[in-house]
Amino acid sequence: MAGSSHGHGHTPAAWTGVIISFIGFCVAGAFMVMAQPVGFWAGMVLIVGGAVVGGIMRAMGLGAQQAPLKVAGTPVATREPAGVES
């Protein structure tokens, strides 16, 4: 759905949650390579924290507004096969 512009992910809540989670992935990955379990689990806490912060920001109204999708004038099902002109 490259042409859709429903604003999916283009909100402060989404950006903040993803950035915090990304930092957590980097921290966890670095400490996993260094064989430091405490640092790894700190990174995992950051990953979960990013989801929590994003959810809280969404609840505060900084996320995408839920709106029903509208189909612009095209019937969902037609009686004629595709390519048949009337």
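Helices (H or I, at least four residues) and strands (E, at least two) are DSSP runs, numbered from the N terminus. By that rule the protein chain has two helices and zero strands. The model is a predicted one, in which local features need pLDDT of at least 70 and side-chain atom pairs count only at pLDDT 80 or more, while totals for chains, interfaces and linings use all residues. Residues are numbered from 1 along each chain as its sequence is written, and side-chain values use heavy atoms, with hydrogens and water left out.

Begin with helix H1, which covers residues 12-33 and contains Ser 21. The expected span of a helix is 1.5 Å times one less than its number of residues. For the 22 residues of H1 this gives 32 Å, and the end C-alpha atoms are 32 Å apart, so the two values agree.

Next comes the question of cover. A residue is called buried under 20% relative accessible area, exposed over 50%, and partly exposed in between (1.4 Å probe, protein chains only). Of the 86 residues in the protein chain, 15% are buried. In H1 the buried residues are Ala 13, Gly 17, Ser 21, Gly 24 and Ala 28. Seen down the helix axis, they fall within an arc of 55°, so they line one face of H1; the arc is that of the directions from the helix axis to the C-beta atoms. On the other side of H1, Trp 15, Val 18, Phe 22 and Val 33 are exposed.

Contact means heavy atoms within 4.5 Å. Leaving aside neighbours within four places in sequence, Ser 21 is in contact with Leu 46, Ile 47, Gly 50 and Ala 51. Ser 21 and Gly 50 are 29 residues apart in sequence, yet their C-alpha atoms are 4.8 Å apart in space. Across the protein chain, among contacts between residues at least 6 apart in sequence, 59% join residues at least 24 apart.

Leu 46 belongs to helix H2 (residues 37-62). With a relative accessibility of 34%, Leu 46 counts as partly exposed. Together with Trp 15, Ile 19, Phe 22 and Ile 23, Leu 46 forms a nonpolar patch on the surface, with about 520 Å² of accessible area together. H1 gives the most to this patch, with four residues. Patches are made of residues with over 30% relative accessible area and no salt bridge; like charges are joined within 9 Å, and nonpolar side chains (Val, Leu, Ile, Met, Phe, Trp, Tyr) within 5 Å. A salt bridge is a side-chain nitrogen of Lys or Arg within 4 Å of a carboxyl oxygen of Asp or Glu. Accessible areas come from the Shrake-Rupley method with a 1.4 Å probe; for residues, only the protein chains shown count as cover.

Between H1 and H2 there is a loop, where Ala 35 is found. Phi of Ala 35 is near 60°, a positive value in a residue other than glycine. Ala 35 counts as exposed, at 59% relative accessibility.
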